[in-house]
Amino acid sequence: MRYSLLLKNGLVIDPAQGLHAVQDIAFLDGKVAAVTHDLARESAAETIDCTGKIVAPGMIDLHVHVFWGVSHLGIEVDPHCVAKGVTTAVDAGSAGADTFPGFRKYVIDVCATRLFAQLNISAQGMLNPEVGELDDLRFASVPRAVQMMEAHRDVILGVKVRLTKGSIVSEASGLRPLHLAREAADAVGAPIMVHPQDAWCDSIDDILKVMRKDDIMTHCYHGSRCGILDAQGRVRESVLAAMERGVIFDVGHGAGSFHWQTAEQALAQGVLPQTISSDLHHYNVNGPVYDLATTVNKFLYLGLSLDEALRRVTATPAAAIHLNDQIGTLAVGAWGDAVVFALEQGSFPLADSLGQVRTGTQRLTPVTVVRAGRLYHSAVS
């Protein structure tokens, strides 16, 4: 058999398979065709020598904003996702029922990144930085959201709602948008993703009462009101109960949603995020987020092993979107997405959303990306 592409001699880290060993990965017809030792270079049309590098499944980012040119948060998807090792991404509510058809036609259907979406419960989505998408609750139309999800179930994964008081949701609306999002999601059997900070409660207890298995609580380490820690810095009982019943706690770093102190206190109590995402958008792409790999590096600093950090951007998010047999793994037969990392040792500044800097001693840098079995770009040969 002649393979289309061979990644040779790399340290393969595939948490979905419990694999951490030097292996060769071969691709054919857009899928992983072989994972083994000592495949001959001549067995493939193209071979990349990955000696001294880490080979992992293509990363999955559950929280980005890539409706470029329409949403004020939007950035171009391919230069910031697939080019940086994120072969699958989920846009977290940039588009709503009124704007999603354009988002699909002009972004989702034409980009190289495999792109899914959470539909904003607001029909307009995230258009304007001055006026919140739920400032007028008439935008939160459950029937229109349901109709749009039913028409695009292949790419719409669920319903996104943001609950920040004043800048996004009007005082009069309270937590009503959360319940409307729940209603719309339940109508089609989909989960919700919640942006919780600075909502109408002193804690997230009331929000978590509405959330169920497979729902996503993003921005889990923000330092604003309505966070996972109580006034004494202890993880709330409602958070532990929600994790127990299967609510997914996601990082969603963003421009204002990742604080070192909150993360350090939570991790010290054994509360880790299930998924690591960037919340990459126009206001943080030039810092402090930059890309998903940089967010992963922050969790290496916090003490996660390579395997556990990579699990949270591969196997776990793949399972969260029910594609764990196709993505987030390099198992034979999976869709052929991979990223080759250089692991550098040194001194690397890592800033949180408050500008507080910690210094990491190791850094993962994507150097080669494979998408659907084809080389997207490579800095090694």
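How many salt bridges does the rule give? I took a salt bridge as a side-chain nitrogen of Lys or Arg within 4 Å of a carboxyl oxygen of Asp or Glu, and the count comes to 20.

Ground rules, noted before going on. The model is predicted, so I kept local features to pLDDT of at least 70 and side-chain atom pairs to pLDDT 80 or more, while totals for chains, interfaces and linings use all residues. Residues are numbered from 1 along each chain as its sequence is written, and side-chain values use heavy atoms, with hydrogens and water left out.

Entry one. I looked up Arg104 and found a salt bridge with Asp154, with the closest N and O atoms 2.7 Å apart. The pair links distant parts of the chain, 50 residues apart: Arg104 is in helix 2 (residues 100–108), and Asp154 is in the loop between helix 3 (142–151) and strand 9 (156–162). Helices (H or I, at least four residues) and strands (E, at least two) are DSSP runs, numbered from the N terminus.

I then checked accessibility, where buried means under 20% relative accessible area, exposed over 50%, and partly exposed in between (1.4 Å probe, protein chains only). Arg104 counts as buried because its relative accessibility is 16%. Asp154, at 49%, counts as partly exposed.

Entry two. I found Glu308 and Arg312 meeting through their side chains in a salt bridge of 2.9 Å, N to O. Glu308 is partly exposed at 29%, and Arg312 is buried at 11%.
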